[in-house]
Every structure is written in C-alpha cells, then in structure tokens.
Amino acid sequence: EEGVGVFAGNIIVQNGGFAGARSRSIQPALDFSRYAGLRLRVKGDGYRYKFIIRDDYDWNGVAWAFSFDTKPGEWLNVEAPFTAFVPTKFARRVQNITFKKGQLSAVQVTLSKFEYDGGLSPLFREGRFEIDIISSVDHHFHHDSAAESSSRRPQGDLDDRIQGALSAQRAGCMQPAPRVHVEVAGTDGAP
C-alpha cells in the first residue's frame with residue numbers, strides 16, 4: 001500500500017528479545033515546545049510496541065518510551081502525549097528528569113520482550129512481527145493555530161526521520177518505507 005512504512009521481521013528470545021529501528025540524529029534538534037504530543041496511525045499484529053523519542057545526542061542516553069498495543073490487522077490512531085513518555089535507559093526507568101520538548105533529537109520504533117524495570121511485556125511472543133505506519137491520519141492533532149501555519153513545521157522533519165529509520169536495512173528485518181507521517185498535539189494536550 002502506498003504511503004505505508006513497514007517494520008517487520010522474526011523475533012527470537014535467545015541472545016535478544018528485541019528489535020528496533022532508530023533514526024539518525026536529527027540536527028538541529030526539532031522544537032516541539034509548542035506541542036503536547038504525537039500521533040501515529042498504525043496497523044499491527046497484536047504485539048505491544050514502543051515509540052521512543054530522545055532529547056540528546058548520547059547514543060545510549062535516556063530513551064523516552066511510549067508503549068502501545070496493536071490489534072491484528074486493524075488500523076489504530078495512537079495518541080502519545082509527551083507527559084506519558086517514560087524516561088528509560090535499557091528499559092529501566094530513570095527518575096527525576098523531564099523531557100526537553102525543544103530538543104527532539106531522534107525517534108525509534110521498538111518491539112521488546114521487556115516493558116520497564118525488568119518486567120516482561122504482556123503481549124510479547126517469539127515469531128513474525130509486522131507493524132505498518134501510514135502516511136496520514138483522519139483528523140488533526142494540532143491545537144495551536146500558529147503551529148498550523150508555521151513555515152517550518154517540525155512534524156515534516158519528524159516524518160522524514162521515522163521514514164529513514166524504517167527504511168534502514170538491518171539484519172533483513174526492515175522493508176523500505178516510502179513515507180511516514182506523525183502529527184503533533186497542541187499545548188493543552190487536547191485532540
């Protein structure tokens with residue numbers, strides 16, 4: 001289907017239990033300080049995935065994770081308020097930090113047997129996985145009218161970064177993604 005990015009593969013637990021696609025560093029970082037969150041439109045396979053964003057350039061730095069469940073073969077709008085992202089390092093929570101919305105520096109889609117702090121994801125299983133991320137959504141997630149008319153809207157740059165992450169060919173797990181689209185939410189978090 002045109003306009004769909006695909007993250008797919010075969011996941012095993014031995015010597016692993018996770019797979020991910022991360023963008024290259026976004027330089028300069030994107031400024032989402034006027035927005036409350038992101039929305040993805042996905043068609044999944046019944047797994048729980050994580051959408052991860054970062055606010056610094058440390059490769060192994062804090063990963064801000066938002067877990068979401070998919071339903072096999074169903075398109076879903078996933079709304080991810082910035083306040084719901086969990087700061088983690090290697091799936092362990094990091095305390096007493098705040099996401100710097102003005103410094104979004106990378107994005108990632110991950111499937112993992114781990115949820116947080118050593119707990120297991122309740123929907124994880126070995127085998128084939130596939131999540132589609134579509135290029136458009138049915139309604140806007142913007143609130144700030146100035147953001148609507150901004151000449152440099154950060155979501156266009158973010159779309160390109162997610163597309164690049166999903167297009168990366170690594171270990172035969174990923175297929176090219178022609179276009180991916182993420183929307184941003186207004187400052188009050190209302191859809």
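**Tyr49 and the sheet around it**

Me: Which residue is the bridge partner of Tyr49 in β9?
Reply: This is a predicted model in which local features need pLDDT of at least 70 and side-chain atom pairs count only at pLDDT 80 or more, whereas totals for chains, interfaces and linings use all residues. Residues are numbered from 1 along each chain as its sequence is written, and side-chain values use heavy atoms, with hydrogens and water left out. Strands here are DSSP runs of E with at least two residues, helices are runs of H or I with at least four, and both are numbered from the N terminus. β4 and β9 pair in the antiparallel sense over six bridges, where pairing requires that DSSP finds at least two bridges between two strands; in β9, the partner of Tyr49 is Leu111.

Me: Which strands stand at the edges of the open sheet, each with a single partner strand?
Reply: The sheet has six strands with antiparallel pairing, in the order β2-β9-β4-β5-β7-β8. One side of each edge strand is left without a neighbour in the sheet, because each has a single partner, and these strands are β2 and β8 (92-93).

Me: Which residues touch the most other members of the largest nonpolar core?
Reply: A nonpolar core is a set of buried Ala, Val, Leu, Ile, Met, Phe, Trp, Tyr and Cys residues joined through side-chain atoms within 4.5 Å, and buried means under 20% relative accessible area with a 1.4 Å probe, protein chains only. Of the 33 residues in the largest such core, those touching the most other members are Tyr49, Phe51, Ile53 and Phe68. Strands that each supply at least two residues of this core include β1 (4-11), β4 (48-54) and β10 (127-134).

Me: What share of the contacts with a separation of 6 or more comes from residues 24 or more positions apart?
Reply: Contact means heavy atoms within 4.5 Å, and Tyr49 touches, among others, Phe7, Val109 and Phe129, not counting residues up to four places away in sequence. Over the protein chain, the share of contacts with a separation of 6 or more that comes from residues 24 or more positions apart is 78%.

Me: Which element of the protein chain has the lowest mean pLDDT?
Reply: pLDDT is the predictor's confidence in each residue, from 0 to 100, and its mean over the protein chain is 76, with 69% of residues reaching 70 or more. It stays under 50 over residues 135-153 and pLDDT is likewise under 50 over residues 166-191. Strand β7 (residues 86-89) has the highest mean among the elements, 97, and the lowest, 36, belongs to helix α1 (residues 145-149).

Notes: Buried means under 20% relative accessible area, exposed over 50%, partly exposed in between (1.4 Å probe, protein chains only).
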